[in-house]
There are 2 protein chains.
Amino acid sequence: MLLQHPPGPDDIRQAHKRIAPYVHETPILFSTQLNALAESILYFKSENFQKTGSFKSRGAVNALLSLDPEILRKGVATHSSGNHAQALARAASLLQIPAYIVMPRNAPKVKVAAVEAYGGQIFFCEPTLEAREQTLEKVRSQTGAVEIHPFNNYDVIAGQATANLELLQSISPPDYILCPVGGGGLLSGTLLSTHYFSPATKVIACEPEGANDAWQSFKAGKFIPSSNPVTIADGLLTSLGNLTYPIIMDYVTDIITVNDQAIIQAMKLVWERVKIIIEPSAAVPVAVALQEKQLFRNKRIGIILSGGNIDLQKLPWQ
Amino acid sequence: MLLQHPPGPDDIRQAHKRIAPYVHETPILFSTQLNALAESILYFKSENFQKTGSFKSRGAVNALLSLDPEILRKGVATHSSGNHAQALARAASLLQIPAYIVMPRNAPKVKVAAVEAYGGQIFFCEPTLEAREQTLEKVRSQTGAVEIHPFNNYDVIAGQATANLELLQSISPPDYILCPVGGGGLLSGTLLSTHYFSPATKVIACEPEGANDAWQSFKAGKFIPSSNPVTIADGLLTSLGNLTYPIIMDYVTDIITVNDQAIIQAMKLVWERVKIIIEPSAAVPVAVALQEKQLFRNKRIGIILSGGNIDLQKLPWQ
């Protein structure tokens with residue numbers, strides 16, 4: 001990790017320049033039909049169109065380009081069965097260094113295949129956090145690879161902040177930004193970039209009811225970890241980290257939860273009306289916008305659609 | 001119908017100006033992953049993002065805006081269970097005139113609901129072409145509405161031509177344009193606009209094997225109607241019309257067919273890799289690009305993605 005403090009405005013601007021040749025400036029989409037349903041004006045920052053299908057490419061590329069090539073020579077490692085694994089594998093392949101990915105044995109085949117397609121080398125382990133951490137430690141000590149944490153890393157946070165930076169550079173200041181929260185990397189980046197570049201805009205974190213550790217932490221005013229989370233939004237299962245937790249507590253306006261039924265309905269609505277593929281985690285802020293009509297009526301709302309990776313063989317409405 | 005001859009270059013330019021306030025200039029998308037798979041360079045003109053979810057809005061809006069308001073006063077009528085029905089209903093609602101849509105009793109509920117959502121008034125009939133035509137005739141004589149044919153209408157063809165016009169205005173001349181063919185309205189417009197505005201570009205029509213009447217007609221050099229067509233590409237079931245047939249015979253370079261399995265695979269590939277929803281009919285030219293790699297290797301290819309209306313409850317890979 002290059003940054004030893006939460007990214008400042010220049011860190012985010014520099015991250016944006018650094019990663020620009022390797023990631024997409026994703027489009028901002030509008031839908032008159034969804035605006036009518038939500039009774040507000042929605043701006044969809046569409047990170048489902050990002051390289052590897054999610055915003056995670058921003059953080060992974062920024063983290064790798066921030067580090068000394070000599071440190072990276074022996075490769076990078078992480079434990080993840082999700083979008084960070086794909087993003088890290090691709091970022092490593094850009095630099096022609098190995099990426100070692102620890103995944104639980106029961107990870108969906110489609111996710112294993114995606115990481116392999118980007119050239120990642122997979123180490124399987126038992127599906128417990130303990131086994132994942134032990135296996136990662138073993139892989140690191142055997143290979144000399146550097147761990148790149150999916151969210152508890154200021155370089156990663158600076159990279160994720162660039163999605164919202166692009167949104168704020170493209171539209172006049174919105175009233176709200178709605179952002180999903182899992183480990184809090186995207187949310188921390190979104191909070192900081194909003195604080196620096198559009199200070200009058202309120203950021204609301206959006207979380208599944210079945211994985212509401214951030215909501216619990218926010219309400220209690222202390223860190224409460226995720227325990228036995230169950231939700232369709234498979235990107236939002238993790239607890240906050242010790243680097244993301246304080247940023248969130250300092251800057252978030254509120255955290256609002258939605259249940260899985262609302263998430264699935266919102267996802268289907270976006271597929272049907274906007275004609276784009278988003279994953280359940282990306283549908284969480286859309287569900288919040290539809291649920292909280294009174295709060296948001298006639299407001300201008302930026303929504304970070306975090307990704308579009310989903311197994312088309314297993315759709316939740318079937 | 002205002003135009004009494006195949007639209008010329010000025011007719012297409014005027015149609016484009018006429019409809020501009022009421023339809024989207026749709027984006028042109030790229031996918032490095034699909035380029036790698038197809039071994040060519042693909043430009044996706046994404047009419048799935050068009051108003052009502054397909055290119056049909058272009059032709060319907062142009063047809064209605066071309067006619068004398070006095071003639072339209074009693075409304076418009078058509079028989080269609082597909083995208084033209086939705087497009088005509090919306091276009092009529094813009095002009096605040098009624099749209100009478102004749103649909104077979106067995107039309108999917110999702111399509112009935114879509115037409116109703118745009119304010120169309122539906123008349124159900126038996127599911128035969130004869131019953132549809134008789135019912136349409138009855139509705140017309142009772143209401144005084146003007147029939148707007150889905151493709152056998154030069155104003156409609158001029159409207160459909162504007163999708164390809166936008167594509168040709170946005171990229172340097174491609175080697176090929178791939179366009180699906182059903183009744184031939186989109187194809188006729190695409191052929192004429194290519195002939196006028198990018199004469200060195202070849203247009204290849206793309207048709208499902210199970211509804212290959214245009215292919216048969218092209219090979220035989222005479223009009224052969226569709227008989228008992230069976231294909232997943234439900235927008236491409238109809239025969240050519242007497243206005244579209246001669247345009248196609250004059251200008252098309254070739255007609256290439258693909259089977260339903262190839263269409264379904266191509267559709268899934270676009271959903272997974274490009275992260276957009278396209279309907280089976282729109283996947284037909286994608287399937288052709290993937291099937292005919294030898295012909296298209298390293299060529300620059302414009303692909304008209306005709307629409308994105310599909311029942312998410314009934315996906316063909318499930």
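**Domains, chain contacts and sheets in a predicted model**

A salt bridge joins the side chains of Arg58(A) and Glu47(A), at 2.7 Å from N to O; the term stands for a side-chain nitrogen of Lys or Arg within 4 Å of a carboxyl oxygen of Asp or Glu. The model is predicted, and local features need pLDDT of at least 70, side-chain atom pairs count only at pLDDT 80 or more, and totals for chains, interfaces and linings use all residues. Residues are numbered from 1 along each chain as its sequence is written, chains are lettered from A and ligands numbered from 1 in the order in which they are written, and side-chain values use heavy atoms, with hydrogens and water left out.

We can begin with the domains of chain A. Domain 1 covers 9-54 + 153-305 and domain 2 covers 57-147, with bounds that come from an automatic or database domain assignment. Between the C-alpha centres of the two domains of chain A there are 24 Å. Domain 1 of chain A brings 23 residues to the contact and domain 2 of chain A brings 15, where contact means heavy atoms within 4.5 Å. About 1600 Å² is buried between these domains of chain A, and carbon and sulfur atoms give 51% of that area. Buried area here is the accessible area (1.4 Å probe) that two parts lose on being put together, summed over both. On the side of domain 1 of chain A, Arg18(A), Tyr22(A) and Thr52(A) supply 38% of the area buried against domain 2 of chain A, more than any other three residues.

The interface of the two domains of chain A holds 3 salt bridges by the rule. It also has 14 residue pairs in polar contact, both at pLDDT 80 or more. A polar contact is a pair of N or O atoms within 3.5 Å; within protein, one must be able to donate a hydrogen and the other to accept it, and residues adjacent in sequence count only if both atoms are side-chain atoms. On the domain 1 side that touches domain 2 of chain A, the elements giving two or more residues are α1 (9-19) and α8 (154-170) of chain A. Helices (H or I, at least four residues) and strands (E, at least two) are DSSP runs, numbered from the N terminus. The largest share of this side, 8 residues, comes from α8(A).

Next comes the meeting of the two chains. Here 22 residues of chain A are in contact with 22 residues of chain B. The area buried between chain A and chain B is about 1800 Å², with 50% given by carbon and sulfur atoms. Two or more residues each are given to the chain A side by α2 (32-38) and α12 (260-274) of chain A. Of the elements, α12(A) gives the most, with 4 residues.

Finally, chain B shows how strands line up. Four of them, in the order β5-β4-β3-β6 (chain B), form an open sheet with parallel pairing; two strands pair if DSSP finds at least two bridges between them. Because β5 (121-125) and β6 (146-147) of chain B stand at the edges, each with a single partner strand, one side of each is left without a neighbour in the sheet. Strand β4 (residues 99-104) of chain B pairs with β5(B) in the parallel sense over 5 bridges, and Pro104(B) stands opposite Cys125(B) in β5(B).
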